[in-house]
Amino acid sequence: MSERGISLKEALKKWEEKHKQKASEATVIHLYGHIPSIEKLDASASTLVKCEKLSLSTNCIEKLSNLVGLKNLRILSVGRNRIKSLSGIEALSESLEELWASYNQIDKLKGIEALKKLTVLYMSNNKIKEWNEILKLAELPYLEHIVLVGNPLEQQLSRTDEWRSKMARTLRPALKILDGKALGRTEED
């Protein structure tokens, strides 16, 4: 028998009881590996107006939604969920600097090009298989650190040693670290 998941609203209520603080006043909120799992980002997400780091990894979230009120959010951790699309992430265009979204089911990066302040992107073990999706990252002027290991496109291009050089050519001059390794001089050229 599996336990029913809960909404973000319910999880935030439990968080407030545990931390004796209003979630709307907190700058850091950790709800990773929540039991029972969070299934949905409901309208309560938009009440987290002071939150700078929101950790929602290891839950059952399928969709990024109701992010409009998170005007101060700099780090969003949503790894190990069931997210299929980044649609909705555009709401964080003015503040988001780091997106941790590894181990999901994301195959399209639509919406990511709005995140002009993004410096760190962890998207390993998703389902990105088309180079056109990577080209969206070229629109992010400060993107320095990317992890895309375990995506079908990375696996395919790594077999022929094209991956690192092609990524360096596409995402320079900002890109400095790819898949945990600093880019070398030969890759820069």
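A residue is called buried when its relative accessible area is under 20%, exposed when it is over 50%, and partly exposed in between, as found with a 1.4 Å probe on protein chains only. The views below show a predicted model, in which local features need pLDDT of at least 70 and side-chain atom pairs count only at pLDDT 80 or more, while totals for chains, interfaces and linings use all residues. Residues are numbered from 1 along each chain as its sequence is written, and side-chain values use heavy atoms, with hydrogens and water left out.

**View 1. Glu10 and Arg4 meet in a salt bridge.** A salt bridge is a side-chain nitrogen of Lys or Arg within 4 Å of a carboxyl oxygen of Asp or Glu, and here the N to O distance is 3.3 Å. Glu10 counts as partly exposed, because its relative accessibility is 33%, whereas Arg4, at 57%, is exposed.

**View 2. Lys50 forms a salt bridge with Glu25.** The closest N and O atoms of Lys50 and Glu25 are 2.9 Å apart. Helices (H or I, at least four residues) and strands (E, at least two) are DSSP runs, numbered from the N terminus. Lys50 lies in the loop between β3 (38-40) and β4, and Glu25 in the loop between α1 and β2, so the pair ties together parts that are 25 residues apart in sequence.

**View 3. Strands β4 and β5 pair in the parallel sense.** Two strands pair if DSSP finds at least two bridges between them, and β4 (residues 53-55) and β5 (residues 75-77) are joined over three bridges. Leu54 stands opposite Leu76 in β5. The open sheet is formed by eight strands in the order β2-β4-β5-β6-β7-β8-β9-β10, with mixed pairing, and its edge strands, β2 (28-30) and β10 (181-182), each pair on one side only.

**View 4. Leu140 is a buried residue in a loop between α2 and β8.** The loop that holds Leu140 runs between α2 (131-135) and β8 (145-147), and the residue counts as buried because its relative accessibility is 4%. Contact means heavy atoms within 4.5 Å; leaving aside neighbours within four places in sequence, Leu140 is in contact with Ile112, Glu113, Leu115, Lys116 and Leu118. Ile112, counted in that way, is in contact with several residues, including Leu86, Leu99, Leu137 and Leu140.
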